[in-house]
Amino acid sequence: MKAYGKYIAAAVSVIFFLTLLFAALPSPREASASTSGSMVEIRASGLNVRTGPGTDNPRFHVLRRGTYVTLLSRQGEWLQVRLPWGTVGWVFGGNGYTSLHPIHQYIRTTASFLNVRTGPDINHTRIYQLPRGTTAPVVDARNGWERIIFDTGRVGWVSGAYTESTRTGSGSSSGSSGTSSRGGESRTGSLQGRTIVVDPGHGGHDPGAVGRSFNLTEKFVNLDTSLRLAGLLRDAGARVILTRSTDVFITLGQRAVTANNSGADIFVSVHANAHTNRSIGGTETYYNTAFRPQDSRRLATLVQQELVGELGLRNIGVKTANFYVIRHTTMPSILVELAFLSNAREESLLNQASFRQRSANAIFRGINRYFQ
Ligand SMILES: [Zn+2]
């Protein structure tokens, strides 16, 4: 029952998340009008994000200590912030729960994959790699190294030898990979202007696979991961079409028609797996040979590589299959199976927002490589 309650809470939070995502995205220009540009470091062990300033507003997310989010405006001790994937909410900034870091400048990475380290020299541990063209706010600098906010609001150091400064006025500082302004100024990223259909599998009365430990549903995992992926792609300048952005049922035919009518460059369907043998686990990616087989296989290979590298689960590999949505879509198309909900360990991983964010980051990097 406890686990079930947790799932309800997750479902409720996703509804608020969606409401905010589609109703309350501010333009970066509005944001920069009200502040000079600061990042908010979360110092409380878990800080509630609410839909408005004040504890009577519903909570829809909890930020971990050490996360950085973008300051948009203030109302007394309440701070309006943008979360790493673009959602806007309010946190209580008093009581030492937060600290503000003015943004010195923004940088854009110029190396094909730039290492992010825990400290300002190469002897520090590598914690991430940023694709070329990623922009990020700088909150500190030392000995030619820059302390940046990246990925899901994390902080790390990059060598200034592989970055160039970019206009601070370009607005967005969400810290996501590939982040630049949403406003459409010139970008060098390969995703600029691409149309990408993201297809969260299942939905509504079709839950897909359901885990036994947490009653975690595949439709929730697919949608949450897809929304995170869509945010990353949009930040990088892509036009993203989601076949569904809420918990609704859509037929397979509708999904394919949406994709084929959209002029999409690629189609990415997001799923989680299940097997009657509960010891089976791992990640696999499918494509179909009916349309654009070579491009589909290349996309599948790159995304699978990134997923396996990031998530560290068993590499089941890239395979062909006759799944409806990849057979009937005419552009290069793939279907990813992130992990197995039937496997207890993998269900508990899929149940973590951080794991779903890392899944989205990995798919994003695979797509980015496909267009390079
Ligand atoms: Zn599925």
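Modeller: Two residues are in contact if their C-beta atoms, placed from the backbone, lie within 7 Å. Residues are numbered from 1 along each chain as its sequence is written. This is a predicted model, where local features need pLDDT of at least 70 and side-chain atom pairs count only at pLDDT 80 or more, while totals for chains, interfaces and linings use all residues.

Biologist: What does the chain average in pLDDT?

Modeller: The average is 84, and 83% of the residues score at least 70, on the predictor's confidence scale from 0 to 100. Over residues 16-36, however, the pLDDT is below 50. Where pLDDT is low, the predicted coordinates should not be read in detail.

Biologist: Which strands form the open sheet?

Modeller: The order is β16-β15-β17-β20-β18-β19, with mixed pairing; strands are DSSP runs of E with at least two residues, helices are runs of H or I with at least four, and both are numbered from the N terminus. Two strands pair if DSSP finds at least two bridges between them. β16 and β19 stand at the edges with a single partner strand each, so one side of each lacks a neighbour in the sheet.

Biologist: In what sense do β17 and β20 pair?

Modeller: β17 (residues 266-273) and β20 (residues 333-340) pair in the parallel sense, over 6 bridges, and Phe-267 has Ser-333 in β20 as its bridge partner.

Biologist: And where does α3 lie?

Modeller: Helix α3 lies across β15, β16, β17 and β20, and runs at about 145° to β17, with angles taken from 0 to 180 degrees between N-to-C directions of axes fitted to C-alpha atoms, for helices over the stretch in contact.
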